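Let's take a walk through this fold together, one piece at a time. Have the picture open and follow along.

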Amino acid sequence: MVHFADSLTFSGRKVVAAWASLPFPAFPGSSLPDILSAHQQDVPWKLLLCPWREQKVSCCFAQSVVLRGVCKERPSSSLGQQPRTPLHGCESPEEMLQHYLYTHFPGSFSTAHVLQQPCSTAPPFPQFFSPLLTRQGFLQDPALGHSSAGPNRDVQSIPVLAALQASPVLHKLLSGLWQDLRARNVRRWSSFFTAGVEQDDFQQALEELKTLAQCYKTGFGGDDSEDEADSD
């Protein structure tokens, strides 16, 4: 995983963020271009372990995205018929996903992989899924109605999209961590230094964390307030 993350980082960056859509929102029998076309405004995955309510990313430096469990067959079309969208004109699922990533993150380095095998949710996988999911993890029409209001315990597999992404959202996360740490009076934590950490080493690590956070700043947006000079 460390080597994989290294392949997505450059220009002093060392950290990537994990994103996922679990399950990936798809209806039974839907083609991949139809599914992706339904999410043209916002990508259908979210940041994992995020300390904020919602994080939307409109740009990134590099990313690797894997989609599994969605039908790989190319939708059929009449001979000579013009594709409804550029996605429908792609030759392979990987090309479709790559085109989708390019549309949302132009200029970013992106790799895309599509696997047919879904993610198994057999025990001991926690059964916390919505009653609106089929046994294969696909969405059902809410208009059909469902008697159970509790979790769906019959889901056997799900389609999943996962991504590792080096993006500006990490600037806020790393800057917040730096601010929290520099506000602590570590001299009051005797056990901290009895473990072998020196005060100078701690201060150096803080400066390195601040520098790392700056590597994810794009120069756009209103994050300057997070980078106030250290007055200590």
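Is the crossing of H4 and H6 left-handed or right-handed? Before we get there, a word on what you're looking at. This is a predicted model, in which local features need pLDDT of at least 70 and side-chain atom pairs count only at pLDDT 80 or more, while totals for chains, interfaces and linings use all residues. Residues are numbered from 1 along each chain as its sequence is written, and side-chain values use heavy atoms, with hydrogens and water left out. Helices (H or I, at least four residues) and strands (E, at least two) are DSSP runs, numbered from the N terminus.

Now, that pair of helices. H4 covers residues 169-182 and H6 covers residues 199-214; they pack at an angle of about 155°, with axes 8 Å apart. The axes are lines fitted to C-alpha atoms, for helices over the stretch in contact, and angles run from 0 to 180 degrees between N-to-C directions. That angle makes H4 roughly antiparallel to H6, a label for angles over 145 degrees. And the answer to our question: H4 and H6 cross in a left-handed way, meaning that the near helix is turned anticlockwise from the far one by less than a right angle.

What holds the contact (heavy atoms within 4.5 Å)? On the H4 side, the residues include Leu174, Leu177, Trp178 and Leu181, and on the H6 side they include Phe202, Leu206 and Leu209. Sorted by type, the contact of H4 with H6 has nine nonpolar, three polar and two charged residues. Here Ala, Val, Leu, Ile, Met, Phe, Trp, Tyr, Cys and Pro count as nonpolar, Asp, Glu, Lys and Arg as charged, and the others, Gly among them, as polar.

Next, look at the sheet. It is open and mixed, with five strands in the order E2-E1-E7-E3-E4; two strands pair if DSSP finds at least two bridges between them. E2 (46-47) and E4 (109-115) sit at the edges, each pairing on one side only. E3 (residues 62-68) runs parallel to E4, joined by seven bridges. Helix H3 (residues 93-104) packs on the sheet and touches E3 and E4, its direction making about 145° with that of E4.

There are also a few details to spot. Asp34 and Arg84 form a salt bridge at 2.7 Å, N to O (a side-chain nitrogen of Lys or Arg within 4 Å of a carboxyl oxygen of Asp or Glu). Asp34 is in helix H2 (residues 32-37) and Arg84 in the loop between E3 and H3, 50 residues apart. Finally, Leu22 and Pro23 are joined by a cis peptide bond, with omega about 0°.

Methods
Contact = heavy atoms within 4.5 Å. Parallel < 35°, antiparallel > 145°, perpendicular 65-115°, else oblique.
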